[in-house]
Amino acid sequence: IGNLVTGFSYPVNRLDIYNRWGVRVYHMENIASEDDFWDPSNEPAGTYYYRFSARGFTGDIDHNGTVEVIK
């Protein structure tokens with residue numbers, strides 16, 4: 001998401017990440033720094049599903065997708 005941290009384009013946001021069994025492994029609201037992002041180093045390799053929703057100055061967004069963790 002462009003300018004999420006540096007440009008504050010979506011100050012109200014939420015990120016959830018789930019493993020393949022649907023268990024939420026990460027949750028963060030109002031990401032404001034690089035340290036707030038998910039670090040998968042403690043998770044096993046595999047496919048994870050994310051949902052990112054935000055409200056910003058230019059409107060609302062809702063993104064869903066997958067992330068492949070390879071070790």
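A: Start with the term strand. Helices (H or I, at least four residues) and strands (E, at least two) are DSSP runs, numbered from the N terminus. Take Asp16: this residue is found in strand β1, residues 12-18. One caution belongs here: this is a predicted model, where local features need pLDDT of at least 70, side-chain atom pairs count only at pLDDT 80 or more, and totals for chains, interfaces and linings use all residues. Residues are numbered from 1 along each chain as its sequence is written, and side-chain values use heavy atoms, with hydrogens and water left out.

Q: How many helices and strands does the chain have?

A: The chain has zero helices and four strands. Read from the N terminus, the order is β-β-β-β. The C-alpha trace spans about 35 × 20 × 15 Å along its principal axes.

Q: Is Asp16 buried or exposed?

A: Buried means under 20% relative accessible area, exposed means over 50%, and partly exposed lies in between (1.4 Å probe, protein chains only). Asp16 has a relative accessible area of 4%, so Asp16 is buried. In the chain of 71 residues, buried residues make up 28%.

Q: Which side chains does a polar contact join to Asp16?

A: A polar contact is a pair of N or O atoms within 3.5 Å; within protein, one must be able to donate a hydrogen and the other to accept it, and residues adjacent in sequence count only if both atoms are side-chain atoms. The side chain of Asp16 has a polar contact of 2.8 Å with that of Arg14. Another, of 3.3 Å, joins the side chains of Asp16 and Arg24.

Q: What else does Asp16 touch?

A: Contact means heavy atoms within 4.5 Å. Leave out residues up to four places away in sequence, and Asp16 touches Arg24, Tyr26, His27, Tyr49, Tyr50 and Arg51. Now take the chain as a whole. Among contacts with a separation of 6 or more, 46% are between residues 24 or more positions apart.

Q: Which residues touch the most other members of the largest nonpolar core?

A: A nonpolar core is a set of buried Ala, Val, Leu, Ile, Met, Phe, Trp, Tyr and Cys residues joined through side-chain atoms within 4.5 Å. The largest one has 13 residues, and Leu15, Ile17, Ile31, Trp38 and Phe52 touch the most other members. At least two residues each come from β1, β3 (46-56) and β4 (59-69). The largest share, three residues, is from β3.

Q: Where is Leu15 found, and what is it in contact with?

A: Leu15 is found in strand β1. Its relative accessibility is 9%, so Leu15 counts as buried. Beyond its neighbours within four places in sequence, Leu15 is in contact with Tyr26, His27, Met28, Ile31, Tyr50, Arg51 and Phe52. Ile31, with residues up to four places away not counted, touches Leu4, Val5, Asn13, Leu15, Asp36, Phe37 and Phe52.

Q: What is the phi of Asn30?

A: Here is the general idea: most residues other than glycine have a negative phi. Asn30 has a phi near 60°, a positive value in a residue other than glycine. Asn30 lies in the loop between β2 (24-29) and β3. Its relative accessibility is 38%, so Asn30 counts as partly exposed.

Q: Where is the place of Val67, and what does Val67 touch?

A: Val67 is in strand β4. With a relative accessible area of 33%, Val67 is partly exposed. Setting aside residues up to four places away in sequence, Val67 touches Trp38, Gly46, Thr47, Tyr48 and Tyr50.

A: Lys and Arg count as positive and Asp and Glu as negative; His and the chain ends are not counted. The place of a charge is taken as NZ of Lys, CZ of Arg, CG of Asp or CD of Glu. The chain has 6 positive and 10 negative side chains, and the centres of the two sets lie 7 Å apart.
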